[in-house]
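Here is a short report for a reader new to this structure. Look at the model first, then read on.

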Amino acid sequence: MAAPTLQQPSFLLANLKADSTTKTLLQRCQDLVKIIDEYPAKELHLIFPWLVESVFGSLDGIIAGWNLRLLHSRSNEYHIVMEFLNPSGPMMKLVYKLQAEEYKYEIPVNYLPGPVKACIQEGVLPDCPLFHNKLHFPLSGLLTLNLALNPFEFFMFNFAFCLIAPKSYPQGHHGSSTDSAYFVLVDTYLKYFLPSEGSVPPSPFSDSRGSVTAPSPRSSSVSFAGYGVHSPSLLKHHIFHQPSVNADPAAQEIWRSETLLQMFVEIWLHHYSLEMYQKLQSPQVKEPFSPTEEHVLVVRLLVKHLHAFSSSLKPEQLSSSPSAHSHTHTSPLEEFKRVVVQRFVQQKLYLFLQHCFGHWPLDASFRAVLETWLSYIQPWRYTGEKTNPQPDQNRTVPDKWESFVQENLLMYTKLFQVFLNRTVRTDLVNAKNALMVFRVAKVFSQPNLAEMIQKGEQLFLEPEHVLHHRQPRGYLTPSQGGSYLSSRQRVMTDMVFRVKSHVYALEGQDCQYKQMFGSELRGAVMKLIQIIAQARHTAKRISDHSNEVAANNSFLSWFGMGSSDLNNTFAGAEPEESGECLKKTHEFLDRALENLCQIFKLNQGQLTQLISNLGSSQDDGNCKQLPDCIQGENGLILTDLGRRQIINGLRRFEIHYQGDPELQPIRSYENALLVRLFYRISCLVNERFGGHMDALCLRPDFLGRLGRHFLADADSSAKLKQSPMSRRTLERNRQARLSLRPLASYRTMLLLLLLYMCGALLAFGPVSSTLLILVGGFLYGLFMTLFGDKLKTH
């Protein structure tokens, strides 16, 4: 764990540790407030690592701390914690008090994200300036290498790491709520240190030791090969040659803002490098890190706030060119807003989303990842402007966002293609999955967005030799003898450069770019449309089937006169896939089809014909066929085509109970006591006379047929052919046996009661009525044995 080198035992620390087991949280916080106010930094320095660990938990997850991720506003301790950890609260006051001194706190390199740790262990300085000038070299070598962080960095590292630290939640608890203390604190810190209005409040203590320098803007003269690609000669400095800290006073104005952002981005997003992601495409490689739904929700909060923060840039600074901007007075915070998304977040978020799209389970929890992606590619939603009265689906994307779309082209095109590949393997009959398809189609169908994406693709596909041919040797203004055409060419060249630089930085120099509006992806979209049409057809069949079952079942089903099938719902239907949910599925898929047609300029007539042809080919006869299978040693084995047919509801297995019929779960229309009683009687009879019953049923004459009617299930062989099962189960269920379980049904008891009442009205006694009922049952069996096959054929 992180801990400073102690010069002497701290009695204050010993007392606080003792109080932590005896006093309530309120009492401990009140004591800490007094200690922070009254004690000097020399004493507070000794308790700081322990206090941070007791609040956020240990980095290895063994110590839970205050369980901020499980603490909700309904808890009595919630407001105590929020007041103590507030950006202007006692804990941050302690941080600033220590920040004013020369104190450092160590973090083992092993707890850093994978790519950062790999760089350091290879002896290479990480790209992120947050880790520069922080490496502490012990005598034992690189294996126990630590980072020496100042108090603010140490606090923010532990706060950020709290989200991804391994936790063992109590049973019944989970950490995915957006009203937890941790989630609210993240939002509070973002608003305080990255304010959309005003500036960051100054530290209450004098501090000239901020160790994060503002990154210098990239030169526009860098070649495609150098921009965004980690050049070994320029960026991969050896860790023994760490650069000195830049003490520029202007940079110190926002060092806390930059530290917080870089810490959040590194700890939450930087778990995948381009090289690591390419290795992950191999199925033999184990995932280095798997984010949780709670993690993704916090990342989305970060993305939304950064868009609001960046969009609060003043219009005059936003419209000024970089060259002009460098000669005018602009506050460091405004410059930070200009570059925050592209320079700090884009690449790491892209790889993070790529990993989530490819490895997240195919269920509704993917909605968190989806909304994070959609939040990033729609920065215009977080500008705070309320002047546009248009509804969301008709809101035109303003032209000023064209440069953002071009500089984030892969966020739109590549991730859309990955989403497409994922969607075709998803059950779209599920309303939650259908909603996700609708959400994506709705976002991309916003007026003007598809055109911006197409223009970005055209810029990327611009041949480089044509680009260099168009570029003039010198950019001259009209007053210098030039023309406005050369200025326009320069703008075009800059746009092409930005798009190519973005793609090469995120995908590498040898990437094979697939156009979003190319013929290959258009074919994939048509395949998705077919799957959507199939899902609509399946949802309609499920809905119709459910309505029929509901209409046929009345209050008489309590007596067993309704359907006796436990699985009387449509095969493959989930609990939420009924009633209103199926109506929503149909609505979401219909609107998704409309939006896809709008995005890719599809012919509505051809689409209607395609859907109608698909619907007519999927009749009930086709739905009753088995999925595509091959015959295996122990039964049928699904092929990939068969799995796809089941996922999309095109075909299904008839689900029947394949165990011992006598051991089926007791139904609601059966008397539990009688079921158990008759089962014991049946077992005794079958044990005693099983051999005789088998011999009787094996006879080929009329007596054998009569025995099979009363002692065997006549439909067992027909049912078993519709579902895969082993040969041993098949042979076991063919044995002849007596079953008295039908007598335990309320339906049978009601029928017997009515027969006895009729007998009483006709002056028959109980014995006579019983004999008549037995004779009638025997005659019915005799009739079915003689004429049952003929009746079935008709």
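Helices are DSSP runs of H or I with at least four residues, numbered from the N terminus. This is a predicted model, in which local features need pLDDT of at least 70, side-chain atom pairs count only at pLDDT 80 or more, and totals for chains, interfaces and linings use all residues. Residues are numbered from 1 along each chain as its sequence is written, and side-chain values use heavy atoms, with hydrogens and water left out.

**Surface patch**

Phe 702 is found in helix 29. Its relative accessible area is 31%, so Phe 702 is partly exposed (buried means under 20%, exposed over 50%, partly exposed in between, with a 1.4 Å probe and protein chains only). Helix 33 (766-793) gives the largest share of the patch, three residues.

**Salt bridges**

A salt bridge is a side-chain nitrogen of Lys or Arg within 4 Å of a carboxyl oxygen of Asp or Glu. By this rule there are 21 salt bridges. Three of them are listed here.

| Pair | Closest N and O atoms |
|---|---|
| Glu 371 and Arg 439 | 2.9 Å |
| Arg 498 and Glu 407 | 2.7 Å |
| Arg 699 and Asp 701 | 2.6 Å |

Glu 371 lies in helix 16 (residues 367-376) and Arg 439 in helix 19, so this pair ties together parts 68 residues apart in sequence. Glu 371 is buried, at 8% relative accessible area. Arg 439 is buried too, at 14%. Arg 498 in helix 22 and Glu 407 in helix 17 are 91 residues apart, and their pair links distant parts of the chain. Arg 498 is partly exposed, at 30%.

**Cavities**

A cavity is a set of points on a 1 Å grid, over the protein atoms alone, where a 1.4 Å probe fits but cannot get out; lining residues have an atom within 4 Å of a point. Points are joined across faces, edges and corners, and a volume is the space filled by probe spheres set on them. The whole structure has four cavities of 30 Å³ or more. The largest cavity holds about 80 Å³. Its lining includes Leu 362, Phe 419 and Met 436. Helix 18 (409-423) and helix 19 (431-444) each supply at least two lining residues.

Technical notes
On a 1 Å grid over the protein atoms alone, a cavity is a set of points where a 1.4 Å probe fits but cannot get out, and a pocket is an open set with protein on both sides within 12 Å along at least five of seven lines; lining residues have an atom within 4 Å of a point.
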